[in-house]
Amino acid sequence: MKPAWIAVLCVLMAARLSVSQEEDTELAEQDGREPCARWMRGVPGTPGFNGITGRDGHDGHEGEKGDNGDPGPKGPNGEPGEPWDEGPAGKRGFPGNPGLKGQSGEGSFPYHSAFSMGLTGITSPASGAPIRFTKTFYNEQHHYDDISGKFRCAIPGIYYFTYHLTINGKETKVAMFKNGQTVAFTLDQFHSGNLDQASGGVILNLSAGDEVWLQLYDDIFDAGIYADINNDSTFTGFLLTPKILSNLTDNRRR
């Protein structure tokens, strides 16, 4: 009896289980959810440890060179820097090549007037007459006249005149004249037994036509002016600075 009862009981339980599964299926279809064992999740687990860092990869190949970009706009000018100490002088350079020869220019002093005359022996000029110097050292412009014994100014300007006279045996007083007026004197008080030297010089401002000469000044003094092959008595003058005016009539003697 027991085995049959057990078999009946198993059939009943299987039928009940089948009915229960069908009811669960219907409920699941109506509720739209899966069975509890499938839609309820458990508590998340603890995160694991980070893994070991991997090795560096191989270097990549160099890429191709790109095109040059367009130049950017000019930036603003910077502020000027502060002046600094002057640097040391550089080494001297080599001399350059000579330049081309320039054209001939005008002379810096195109006006010339000069003379230097001497005596040829003892002179005894007449009273009130110029001493005539006839020995020529230089008289290229012929501004000194050895016949009259006078220098005649042809170029107005500043002149220098000087004389050196040898005196022999007599006291002599000589004066330099300009247009009949005395401008300088020389008195030699001769000492017997020797030759003396009398000299003088003066700077004059002359106009064209002015005359300058040497002359005995006083009749009480005898002429003792002397010259020979070993001793000279000279009269010299030359132009220092010309004074050329734009109007030629202004050069006439006033």
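Surroundings of one serine

Analyst: Leaving aside neighbours within four places in sequence, Ser-233 is in contact (heavy atoms within 4.5 Å) with Met-117, Gly-118, Leu-119, Phe-133, His-164, Leu-165, Thr-166, Ile-225, Tyr-226 and Ala-227. This is a predicted model, in which local features need pLDDT of at least 70 and side-chain atom pairs count only at pLDDT 80 or more, while totals for chains, interfaces and linings use all residues. Residues are numbered from 1 along each chain as its sequence is written, and side-chain values use heavy atoms, with hydrogens and water left out.

User: Is Ser-233 buried or exposed?

Analyst: Buried means under 20% relative accessible area, exposed over 50%, and partly exposed in between, using a 1.4 Å probe and protein chains only. Ser-233 has a relative accessible area of 0%, so this residue is buried.

User: Which residue has its backbone nitrogen 2.9 Å from a polar atom of the side chain of Ser-233?

Analyst: Ser-233 lies in the loop between β10 (225–226) and β11. The backbone nitrogen found 2.9 Å from a polar atom of its side chain belongs to Thr-166.

User: At what distance from the ring centre does Lys-150 lie over the face of Trp-213?

Analyst: Trp-213 counts as buried because its relative accessibility is 7%. A charge sits over a ring if NZ of Lys or CZ of Arg is within 6 Å of the ring centre and within 35 degrees of the ring normal. Lys-150 lies over the face of Trp-213, and its distance from the ring centre is 4.3 Å.

Notes:
Helix = DSSP H or I, 4+ residues; strand = E, 2+ residues; numbered from the N terminus. Polar contact = N/O pair within 3.5 Å; in protein donor to acceptor, adjacent residues only side chain to side chain.
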